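Student: I would like to go through this model and ask what stands behind each label.
Tutor: Then bring the labels one at a time, and each will be set against its cut-off.

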Amino acid sequence: MPTGIDDDISLMNVITAITTATSPPHLSQYLRNFAPKEVREVVLASMLPEGQDPLTILDIQANTLGILYILSARLHVPSAPRPPLNYIGDFCSTFVAEQARFAVDRVTLLVTGIAQAAEQEGNLRLAILPVQDLLLRYAPSPSHLTTIHPIFARICVASRAFTAALPVLTHPITTIDLAISELTYNDNLVYHYAGGIIYAALRRWTEAEEFFEICACSPGAVPAAIQLEALKKLVLIQLIREGKTSPPPKYIHPHLSRLFKNTPYSAFVNAYPHQRGQLRSIVESEGALFSAEKNLGLISEALERAPRWSIRKLTATYLTLHLSDIGQAVGIESEGQVRALILDMIQSSEICARLSSDGTVSFSDPPVQFEKADVDKVLGNAQKQCALLARLEREMARSKEYLTKAVKGKDDSITWPGAPTAPMEEDISVEHVGANFSWAEDVGFV
């Protein structure tokens, strides 16, 4: 037993309480209050008499709640013996979620401790599997947002294990339950921002655009700094994907749009895609800023695709053009480079055209082709979305809080717990992250 602690406050008494408890709520209350916080954590992180590890006498499924307290304490008390990583993995894959939900703060503490332990081992990827198992097992459904989500997404970004996040990211978030997670406004922002980075690194532009839009446009009294960063990445991905930006949703904070207009990204968007000289000038003059904000990869990708979008716009105006005319229109001096680009666009079905031996390009409309499987897939997705929207409407109709806000007025700001109340607060809150791991470099394009 640690020195300086009352004999009545001992780990042996705690273990007895854990193994004899019949009510998880009462056990959680006892574990939370049996001693002052500083003393409690030291006791939970200690060994039994004669150095026996308490984890060896507890059963993961029968004693989930008690083990959760012990593990989270041992991962954060500096002098405590580190629990074996294989034991942490076993716990995360077999614990009883119903018990763990009586101590939501300890779940978050455990996740941050796992991330710290993996980082101290010099391999952040060691945290991916246990945290993923913990997330999938703890959340009542894949659509529930928890405090584990943003931490898991950040781990995958920082370790550049982008594909490891896909089993979680593929499930859209539709449910918020503060009874199972002490969520804050930033948790939603960080999760979708990190998810957008992951999808962008994998060049899955549609999903990346969706995640960055959710982050940038989430309602709040004032915009957070991370939302401006998400908006920058959002417009760059729209340029890559469509050759132009889309009007932002009406519910985006107006202050955010004004802030964006005062950045070099706005000038880049205005010059895209035809003014390649001006685009290059912006990249040269603002390259240090783009690099510091981890957007140089997206900028370079958009710049590389600019001639393709210019050529696609030419197909809407001309039936035939010579390679030299196309080169002059898109800012490419070499006729050979224009030829190679046209052939690549024809091969990838970006345009429907025919290149003659004299260098004349004849454009035509692409043939419309539908297969039964494609139609069935679209109809099936539409039916699923209709069912999902109907369920969400029923749930919202039963929500007294939602109905009260709806009646109160459209102009009232809807905020999450912990939403920023002063303009442009710090980028993200890391109180739920706990580790010092940083974002991966430049969205995977370096």
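Tutor: Ser-356 is partly exposed, at 28% relative accessibility. The model is a predicted one.

Student: Why is Ser-356 called partly exposed?

Tutor: Buried requires under 20% relative accessible area and exposed requires over 50%. Ser-356 has 28%, so it counts as partly exposed.

Student: Where is Ser-356 found, and what does its side chain join?

Tutor: Ser-356 sits in the loop between β4 and β5. Its side chain and that of Asp-358 are joined by a polar contact of 2.4 Å. The cut-off for such a pair of N or O atoms is within 3.5 Å. Ser-356 is also 34 residues along the chain from His-322, with their C-alpha atoms separated by 9.5 Å.

Student: What is the phi of Gly-359 in the hairpin of β4 and β5?

Tutor: Gly-359 takes a positive phi near 90° there, and the hairpin has four residues between the strands.

Student: What makes β4 and β5 a pair of strands?

Tutor: Pairing needs at least two bridges. β4 and β5, the latter covering residues 360-363, have three bridges in the antiparallel sense, so they pair. Leu-355 stands opposite Val-361, and Arg-354 stands opposite Ser-362.

Student: How do you know that β3 and β5 pair?

Tutor: The same cut-off of at least two bridges applies. β3 and β5 have three, again antiparallel, so they count as paired. His-322 stands opposite Thr-360 in β5.

Student: What is the order of the strands in the open sheet, and which are the edge strands?

Tutor: The order is β3-β5-β4, with antiparallel pairing.

Student: Are Cys-217 and Cys-156 buried or exposed?

Tutor: Buried means under 20% relative accessible area. Cys-217 has 3%, so it is buried. Cys-156 has 0% and is therefore buried too.

Student: Why is Ser-218 called buried?

Tutor: Its relative accessibility is 10%, and the limit is under 20%, so Ser-218 is buried. Ser-218 lies in the loop between α12 (205-217) and α13 (225-242).

Student: What does Ser-218 touch?

Tutor: Leaving out residues up to four places away in sequence, Ser-218 touches Tyr-185, Asn-188, Leu-189 and Gln-227. A polar atom of the Ser-218 side chain lies 2.5 Å from the backbone oxygen of Ile-214. The C-alpha atoms of Ser-218 and Ile-252 are separated by 7.2 Å, though the two are 34 residues apart along the chain.

Student: What makes Ser-46 buried, and what does its side chain reach?

Tutor: Ser-46 has a relative accessible area of 10%, under the 20% limit, so it is buried. Its side chain reaches the backbone oxygen of Val-43 at 2.6 Å. Ser-46 belongs to the loop between α3 (37-44) and α4 (64-74).

Student: How many aromatic pairs are there?

Tutor: The count comes to seven.

Student: Why is the pair of Tyr-30 and Phe-34 called stacked?

Tutor: Ring centres must lie within 6.5 Å, and planes under 30 degrees apart count as stacked. Tyr-30 and Phe-34 have 5.6 Å centre to centre and 25° between the planes, so the pair is stacked. Tyr-30 is partly exposed at 30%, whereas Phe-34 is buried at 14%.

Student: What makes Phe-91 and Phe-95 a stacked pair?

Tutor: Their ring centres are 5.5 Å apart and their planes are at 20°, so this pair is stacked. Both Phe-91 and Phe-95 are buried.

Conventions: Residues are numbered from 1 along each chain as its sequence is written. This is a predicted model: local features need pLDDT of at least 70, side-chain atom pairs count only at pLDDT 80 or more; totals for chains, interfaces and linings use all residues. Side-chain values use heavy atoms; hydrogens and water are left out. Helices (H or I, at least four residues) and strands (E, at least two) are DSSP runs, numbered from the N terminus. Buried means under 20% relative accessible area, exposed over 50%, partly exposed in between (1.4 Å probe, protein chains only). A polar contact is a pair of N or O atoms within 3.5 Å; within protein, one must be able to donate a hydrogen and the other to accept it, and residues adjacent in sequence count only if both atoms are side-chain atoms. Rings of Phe, Tyr and Trp (its six-membered ring) pair if their centres lie within 6.5 Å; planes under 30 degrees apart count as stacked, over 60 as edge-to-face and the rest as tilted. Contact means heavy atoms within 4.5 Å.
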